[in-house]
Structures are given as structure tokens and as C-alpha cells.
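Please keep the sequence and the coordinates at hand while reading.

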Amino acid sequence: MLSRAKLLEPEKGSIREALGRALFMSGRAARARREFAKAVQIDPANDYAHYALALACERTGERGRALGHLKIALAMRPGVGDYERALDRLLG
């Protein structure tokens, strides 16, 4: 269903984000990373998309890229516990 929505609305960030979430939760982090990256490209002010992209990057071994996107997410929405914990985990 989300794949079909993506075909119908390829430049809609919310669809890319939802598809990324589904892919990530099903263990397909590399594909999720691509969807989250597209969501960030479509809407660079989407802090959650930056956070999710960071998690997918972390899972696929792109630690530096993950740190960058986590820092962006936290700059946009300071104090979000999930973002802070993810950053602590990467820095720890």
C-alpha cells in the first residue's frame, strides 16, 4: 500500500517517512535509509526524518552520517529524549 502511494505521490515526504518506518521495522535498514534520505531531501525541516535517517545510518554502519543527522534533529527540537538517547549511544 505504501509502495503504491509512493508511486502516486513520489515527492510527498510523509509517504517516504511512513515507508521508511515500515522498512526499518521489518529489518530492511538500507532501504529504509534511502526512504528517510528522500524524506529529508523533500522536507529538510523534518526533525523526525533526520532522526530516523540517523538510526538507519547507524544500523547500516554509517556512524558519521548518523551523528550528523542526530545533531540536526536535536538542533531543530532540543530536549527530545529519543534523540538525546540515540546521540548518547553513538557517542558512548
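A residue is called buried when its relative accessible area is under 20%, exposed when that area is over 50%, and partly exposed in between, with a 1.4 Å probe and protein chains only. Because its relative accessible area is 0%, Ala73 is buried. The model is a predicted one, in which local features need pLDDT of at least 70 and side-chain atom pairs count only at pLDDT 80 or more, while totals for chains, interfaces and linings use all residues. Residues are numbered from 1 along each chain as its sequence is written, and side-chain values use heavy atoms, with hydrogens and water left out.

Ala73 belongs to helix α5, residues 63-76; helices are DSSP runs of H or I with at least four residues, numbered from the N terminus. With contact taken as heavy atoms within 4.5 Å, and residues up to four places away in sequence not counted, Ala73 touches Asp47, His50, Tyr51 and Tyr83. Between Ala73 and Ala37 there are 36 residues in sequence and 13 Å in space, C-alpha to C-alpha.

Two packed helices are described by the angle between their axes and the distance between the axes. Here the axes are lines fitted to C-alpha atoms over the stretch in contact, and angles run from 0 to 180 degrees between N-to-C directions. Angles under 35 degrees count as roughly parallel, over 145 as roughly antiparallel, 65 to 115 as roughly perpendicular and the rest as oblique.

Helix α4, residues 47-59, packs with α5 at an angle of about 160 degrees, and their axes are 8 Å apart. The two helices are therefore roughly antiparallel to each other. To this contact α4 brings Asp47, His50, Tyr51, Leu53, Ala54, Cys57 and Glu58, and α5 brings Arg63, Arg65, Ala66, His69, Leu70, Ile72, Ala73 and Met76. By class, the contact of α4 with α5 has nine nonpolar, two polar and four charged residues; Ala, Val, Leu, Ile, Met, Phe, Trp, Tyr, Cys and Pro count as nonpolar, Asp, Glu, Lys and Arg as charged, and the others, Gly among them, as polar.

On which helix does α5 pack at about 150 degrees? The partner is α6, residues 81-91, with the axes 10 Å apart. At this angle α5 and α6 are therefore roughly antiparallel to each other. The residues of α5 that meet α6 are Arg63, Ala66, Leu67, Leu70, Lys71, Ala73 and Leu74, and those of α6 are Tyr83, Glu84, Ala86, Leu87, Leu90 and Leu91. This contact of α5 with α6 divides into ten nonpolar, no polar and three charged residues.

Helix α4 also meets helix α2, residues 13-25: their axes come within 11 Å and cross at roughly 30 degrees. Consequently, α2 and α4 are roughly parallel to each other. Glu17, Arg21 and Phe24 of α2 make the contact with Tyr48, Ala49, Leu55, Ala56 and Arg59 of α4. In this contact of α2 with α4 there are five nonpolar, no polar and three charged residues.

Ala49 is found in helix α4 and, at 0% relative accessibility, counts as buried. Leaving out residues up to four places away in sequence, Ala49 touches Glu17, Phe36, Ala39 and Val40. Ala49 and Gly13 are 36 residues apart in sequence and 8.8 Å apart in space, C-alpha to C-alpha.
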